[in-house]
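Please walk through this structure one region at a time. The sequence and the model are shown first, and the explanation follows.

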Amino acid sequence: MSYKIGLVGKPSVGKSTFFNAATMGDVPEGAYPFTTIDPSLGEAYVRVDCAAPDFDETCEPNTGYCRDDKRFVPVKLVDVAGLIPGAHEGKGLGNQFLTDLNEADVLVHVVDFSGETDMEGEPTEGHDPRDDIDFLEAELDQWYLGILEKGIERFETRHMAETELEVELAEQMSAFGTNKDEIKQVILSLGLELDPETWDDADELELAREIRKRTKPMVVAANKMDTPEARANYEEITSDPDYDHLTIVPCSAHAEKALKTAEENGVVEYTPGASDFEITGDVSDEQAAGLEQIREFVSEFDGSGVQRALEAALFEELDAVAVFPGSANGNWTNGPFPDCFVLPANATAEDFAYHLHSDIGDGFLHAIDCRTDRQIGADTELETGDVVEVISTNQ
Ligand SMILES: Nc1nc2c(ncn2[C@@H]2O[C@H](COP(=O)(O)OP(=O)(O)OP(=O)(O)O)[C@@H](O)[C@H]2O)c(=O)[nH]1
């Protein structure tokens, strides 16, 4: 299983530039059959410090690639088109939009921080990017609210004594990957009673919003940060307490795309996400000046922000962990460190065994933390960078 990151944003914010930059790669063509089936689905990567050098090995990745001791682990990136007012009611591409959103584990909302596109994606000046953030959140909240209301109706039409509210709501909202315990906890955390007859419209909306926040985590890619207007907006928004709940990553999709294109053309050597690059080919004065501007940007912001936005989505919002299957005695069957798997938050050694194969999970005896050579038990929670060998009766 690989994680799916949904890229969302109104027209002209740089979503295509971001998508193309993130999915361009120095990897053999044709390696991703799904890109030919659906152009809005691509393979992007998240960086993890490669474990191989710590073991004096050179890794041989089965998937993704390794560069400058960074492992680029594949994730799916889906370009979720159709964010327009009323999308939650199925307007425009609304239904497809909601299906795509639903399939994404986490969202990256690309926002034009320069304020040079209005709500419809037309050129303007001085547009407040906060309106875009609020707009997407409100669309999502309305969508959740619609489904929540159906759940409440179902509960009320059934004999209340025969069912529990949280069971009905969890069933109605199952597509969002939530369960009855979580729903109950959210209701109580908002100070509401477990009886929808005591709720007013504002309570319902607040509940929908809270469930949405927990089940559809989101990072804002503050795009076009290479413009002075975007910087000013960024300063203002990141110091606005109303936006404290969001992870906002400064970003220039343009810079990432330009560097990857320059690398494809043999002009620069650039490791995606890096804060510097080397000019290795012949460039005109104009190109050199453009590249120097980009250099200033990536050194100031520690990269173009495209990689960081994807990594924040996976590792900060979802709290996912990236773990390497290891070999305690260094006997690799097909070359060292072939894999790095991204697992859900709080994944244990036993979960990892099941991820490798259900049989390996079924026969789980214990695991070995290859960094310390210590035995670890089934319930040990894993962390990013762990190197783990599973000992199972089914190997
Ligand atoms: N300054 C600046 N401009 C950018 C950046 N990224 C994209 N743009 C520009 O923004 C405009 C819109 O970019 P697209 O990638 O086509 O935007 P989109 O959101 O996919 O738009 P639609 O295809 O209309 O949905 C183009 O003129 C890009 O060159 C960036 O990081 N900085």
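Is Asp302 buried, partly exposed or exposed, by the count of other C-beta atoms within 10 Å? The model is a predicted one, and in it Asp302 has 14 other C-beta atoms within 10 Å, so this residue is partly exposed. Asp302 sits in the loop that runs between helix H10 (285-300) and helix H11 (306-317). Its phi is near 55°, a positive value in a residue other than glycine. Most residues other than glycine have a negative phi.

Asp56 also has a positive phi, near 50°, and is likewise a residue other than glycine. Its place is the loop between strand S2 (41-49) and strand S3 (65-67). Asp56 counts as exposed, because there are 8 C-beta neighbours inside 10 Å and the limit for an exposed residue is 12 or fewer.

Leaving aside residues up to four places away in sequence, Leu310 touches Ile5, Ala22, Ala44, Val46, Val75 and Val108. Another pair to look at is Leu310 and Val249: they are 61 residues apart along the chain, and their C-alpha atoms are separated by 9.6 Å.

The next region is the ligand. There are 16 residues around the ligand, and those that come nearest are Gly14, Lys15, Ser16, Thr17 and His254. Two elements give two or more residues to this shell, helix H1 (15-23) and helix H9 (253-264). H1 supplies the largest share, three residues. By type, the shell consists of ten polar, three charged and three nonpolar residues.

How do H1 and H9 lie relative to each other, roughly parallel or oblique? Two packed helices are described by the angle between their axes and the distance between the axes. The axes of H1 and H9 come within 8 Å and cross at roughly 40°, and the two helices are therefore oblique to each other. The crossing in which H1 passes H9 is left-handed. On the H1 side the contact is made by Thr17, Phe18, Asn20 and Ala21, and on the H9 side by Ala253, His254, Glu256, Lys257 and Lys260. These contact residues divide into three nonpolar, three polar and three charged.

In helix H5 (residues 165-172), the buried residues are Leu165, Glu166, Glu168, Leu169 and Ala170. H4 and helix H6 (180-189) pack against them. In helix H12 (residues 349-356), Ala349, Asp351, Phe352 and Ala353 are buried. Their cover includes helix H13 (358-362) and several strands, among them strand S10 (321-325), strand S11 (341-343) and strand S12 (364-369).

H4, one of the elements packed against H5, spans residues 129-157 and holds Glu153. With 13 other C-beta atoms within 10 Å, Glu153 is partly exposed. Glu153 and Glu193 are 40 residues apart along the chain, and a distance of 16 Å separates their C-alpha atoms.

Key:
Residues numbered from 1 in each chain as written. Predicted model: local features only at pLDDT ≥ 70, side-chain atom pairs only at ≥ 80, totals over all residues. Near = placed C-beta within 6 Å. Helix = DSSP H or I, 4+ residues; strand = E, 2+ residues; numbered from the N terminus. Nonpolar A, V, L, I, M, F, W, Y, C, P; charged D, E, K, R; others polar. Buried ≥ 20, exposed ≤ 12 C-beta atoms within 10 Å, placed from the backbone. Contact = placed C-beta atoms within 7 Å. Axes fitted to C-alpha atoms, helices over the stretch in contact; angles between N-to-C directions. Parallel < 35°, antiparallel > 145°, perpendicular 65-115°, else oblique. Left-handed = near helix turned anticlockwise from the far one by under 90°.
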